[in-house]
Structures are given as structure tokens and as C-alpha cells.
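Have a look at the structure first, then read on.

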Amino acid sequence: MKATLEKIEPVFRNSFTIRKFTDINYLGKPYWHFHPEYEIVYISNGRGKRHIGDHVSFYENGDLIFLGPNMPHFGFSEELYDEHVEIVVQMREDFLGGEFLSKPEMVAIKHLFERSRQGVTFHGETKHRIGERLVQLVEYNGFDRLLNLLSILQSLAHSGEYTLLNAGSFAVEVNAQDHERMRSIYEF
């Protein structure tokens, strides 16, 4: 099955996208898609299936995952419970500038981004603690939102409570010419 390119545009005056879903009935039909953005998905409770690249696994009691760019995946929720919250954060690698991850202070986050190319799921206290912070992140604006995202990324980078999904070998290869063509189509 061929993955569909999902076009993601940050809200005006924002360098990344964050969305919050609370309606257990919002879920449309999941579709196989990819995008050039990194993606953090937090599902507060419920259970479902992770289908990321060539990796398939199941989760219970919510999930926290971090995916690298161009990694095909389906939606993750199957059975949600009341009081459900799903947070989706999407950002390009250069969302803070092309050289930002090259700064010495960013080395841990740079390694986290590298791990995400295989798909990462977080568990234990990290899942719950970071999940709560992601829910709060929606309430912040501007500079405070950005600072809190960086703090969340730093916490994820230093957590040992993760499992690599090893789904990275299936990432969609997209060259610059294809991006240009798709950009032209979307602009049209």
C-alpha cells in the first residue's frame, strides 16, 4: 500500500504544530500516511495498535511515541475511554533554524531526533509525566510554548524508559525534487 503525503502547516506565528483531541468520536478512518515532520503523539488512556513503517505492536493504558520524518504510519487509537486526551506535536528538524541542533547544548536532543528515525515509544513514569506536560503545552502561547517544548524534548532525551521500535528501515525516501513538486501542487 502506498503511503499518502500529509501536508502539515504550523499555525501562523508558530514554528511547530500542536493539536489536542478529546472527543472519542473524532476518529475518522485511519489512513497510511507520512510527512517530513517529526511527530510526538501522546494518548492518555485507551488501547490500540502501533503500525509504524514495518513495525506492528499493541499498547494498553495510553501511549507516548516519537517518530522521525517520512516514516509511514496509521493513526494509533482503536479503543478509547472517557476522559481521553490525544496530543499531537509536529515539527521539522530545522524548526528553530538549520544549525540549532548543532549547538553543544542540544546534543541530547539531537540524539533523541536520531533515535526517533526508528520510532520510539516511552513507558513508565516518563510516559505519564511527559504526557501531562504535553497536555499543559496546549495552554501556553508563543515563547512559553517553545521553551516548554524544548524542556519536554530534553526530558525525553535523558529518559531511559523507552523502547526503539526499529521501524526506521521503512522510512519513505523523498528527494528534494519530489518535495518541490508537491509544494507546487499544494500552492496551486
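Glu93 is partly exposed, because its relative accessibility of 40% falls between the 20% and 50% cut-offs. Its side chain meets that of Arg117 in a salt bridge, at 3.5 Å from N to O. Keep in mind that this is a predicted model.

**Salt bridges**
- Searching the whole structure turns up four salt bridges, and the Glu93–Arg117 pair is one of them.
- That pair links distant parts of the chain: Glu93 sits in the loop between E9 and H1, and Arg117 in the loop between H1 and strand E10 (120-122), 24 residues apart.
- Arg117 is partly exposed too, with a relative accessible area of 37%.
- Glu37 and Arg92 also pair up through their side chains, again at 3.5 Å, N to O.
- Glu37 is in the loop between strand E3 (33-34) and strand E4 (38-43), while Arg92 is in the loop between strand E9 (86-91) and helix H1 (107-116), so this bridge ties together parts 55 residues apart in sequence.
- Glu37 is buried at 4% relative accessible area, whereas Arg92 is partly exposed at 39%.
- Asp63 and Arg50 form a salt bridge at 2.8 Å, N to O.
- Here Asp63 belongs to strand E7 and Arg50 to strand E5 (residues 47-52), 13 residues apart, and both are buried.

**Positive phi without glycine**
- Asn61 isn't a glycine, yet its phi is positive, about 60 degrees.
- You'll find Asn61 in the loop between strand E6 (55-59) and strand E7 (63-67), partly exposed at 46% relative accessibility.
- Asn70, also not a glycine, has a positive phi of about 60 degrees.
- Asn70 lies in the loop between E7 and strand E8 (77-79), and is buried with a relative accessible area of 12%.

Technical notes. Residues numbered from 1 in each chain as written. Predicted model: local features only at pLDDT ≥ 70, side-chain atom pairs only at ≥ 80, totals over all residues. Heavy atoms only, no water. Helix = DSSP H or I, 4+ residues; strand = E, 2+ residues; numbered from the N terminus. Buried < 20%, exposed > 50% of the residue type's maximum accessible area, 1.4 Å probe, protein only.
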